[in-house]
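Hi,

Here's the structure I promised to pass on.

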Amino acid sequence: MTRVFSGIKPTGHLTLGNYLGAMRRWAEVDQHRADALFCVVDLHALTVDHDPARVRRLSRQAATLLLAAGLDPERCTVFVQSHVDEHARLSYLLECVATDGEMRRMIQYKEKAAREQARGGSVRLSLLTYPVLMAADILAYGTDEVPVGDDQTQHVELARDLAVRFNHRYGHTFTVPKATSPAVAARVMNLQDPASKMGKSDDSGPGIVYLLDEPEVTRKKVMRAVTDSGQDVVYDPQERPGVANLLEILAACEGGDPAELAGSYHSYGALKKDAAEAVVDVLRPVRERHRELCADPGYVEEVLRAGARRARERARPTVDAAYRAIGLLPA
Ligand code: AQP
């Protein structure tokens with residue numbers, strides 16, 4: 001059976017980008033067709049300046065939202081990364097296979113390091129090495145497929161490269177994974193700055209739809225989305241990124257093709273109105289289920305405990321095999 005792994009980082013409140021690019025597919029497709037593991041990757045949230053209490057709160061919230069989005073603990077494994085030691089154990093071995101140059105080429109590293117420096121902060125070493133930890137997250141589970149949004153494909157490529165290199169040097173140990181992305185909305189853009197990805201740790205609140213925004217707030221954000229200088233509605237991500245983003249969001253929410261949808265609109269206002277309603281409709285059941293789950297925090301904790309037990313059992317044999325293959329004495 002195909003093994004699927006993916007994760008979400010508790011660095012902010014989850015966004016429409018996280019949902020359309022990743023979580024929705026995990027719930028609607030992946031958990032039904034594969035042996036799937038989904039993880040709140042809390043160690044990754046420590047790579048930038050962080051407040052411990054906030055990371056704890058956001059980790060709990062992210063786990064609750066994964067369940068609210070439809071992940072079913074009877075069908076898939078939902079857990080928190082730091083509860084399973086194998087991730088950090090394997091990460092060090094992979095650091096001994098990765099190179100400094102490879103790490104410095106990562107686009108997210110360049111962007112986030114520049115952002116930290118612009119804020120006057122220092123860049124943590126873990127920001128540079130976190131793609132190796134992400135490779136460990138993936139490789140520890142013998143993962144075949146990693147369903148992610150567009151922004152994460154470079155990191156999955158790194159996991160592939162490290163798996164191939166390790167296998168070549170030390171004998172076959174890891175499955176070589178591949179990234180899968182949705183056909184539409186693989187990169188939802190910021191509504192106020194359609195040249196940038198909608199990111200949960202960005203500062204620009206009005207351009208980001210959070211999953212837990214009230215419907216009225218969501219409507220306002222979509223209605224105020226920056227559009228382009230033209231008048232006609234065409235799907236052209238290069239020349240008309242604002243309108244293309246709204247068409248992609250609408251297509252992802254309602255099904256359909258963004259270029260075809262463009263033909264049924266004669267004004268930006270009508271497109272925004274329909275996109276706003278489509279987003280509100282898609283998020284409504286997630287918000288409702290989230291509210292129910294918040295009333296029963298013991299249930300979420302139990303799901304995470306059981307998930308960590310299952311994940312540990314799956315990861316340990318592969319990580320132990322990697323320790324032996326690389327030349328370490330068995331304990
Ligand atoms: N804007 C997006 N469009 C489509 N997919 C997206 N994803 C994130 N943003 C978008 C996908 O959501 C999954 C979880 O993302 P992550 O938690 O690993 O963080 P990230 O990729 O770094 O995205 P964020 O939300 O922008 O976080 P910050 O601001 O902390 O960097 C991934 O599959 C991702 O591709």
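The biggest part of the shell around the ligand comes from α1, with four residues (helices are DSSP runs of H or I, at least four residues, strands are E runs of at least two, and both are numbered from the N terminus). This is a predicted model, where local features need pLDDT of at least 70 and side-chain atom pairs pLDDT 80 or more, while totals for chains, interfaces and linings use all residues. Residues are numbered from 1 along each chain as its sequence is written, and side-chain values use heavy atoms, with hydrogens and water left out.

Of the 23 residues around the ligand, Thr11, Lys112, Asp151, Lys197 and Ser201 come nearest (near means a heavy atom within 4 Å).

Now the polar contacts (pairs of N or O atoms within 3.5 Å; within protein, one must be able to donate a hydrogen and the other to accept it, and residues adjacent in sequence count only if both atoms are side-chain atoms). Ligand oxygen atoms lie 2.7 Å from a polar side-chain atom of lysine 200, 2.9 Å from one of glutamine 152 and 3.3 Å from one of glutamine 108. The protein covers 97% of the 640 Å² of accessible area that the ligand has on its own (Shrake-Rupley, 1.4 Å probe; for residues, only the protein chains shown count as cover). Besides α1, both β1 and α5 give two or more residues to that shell.

Cheers
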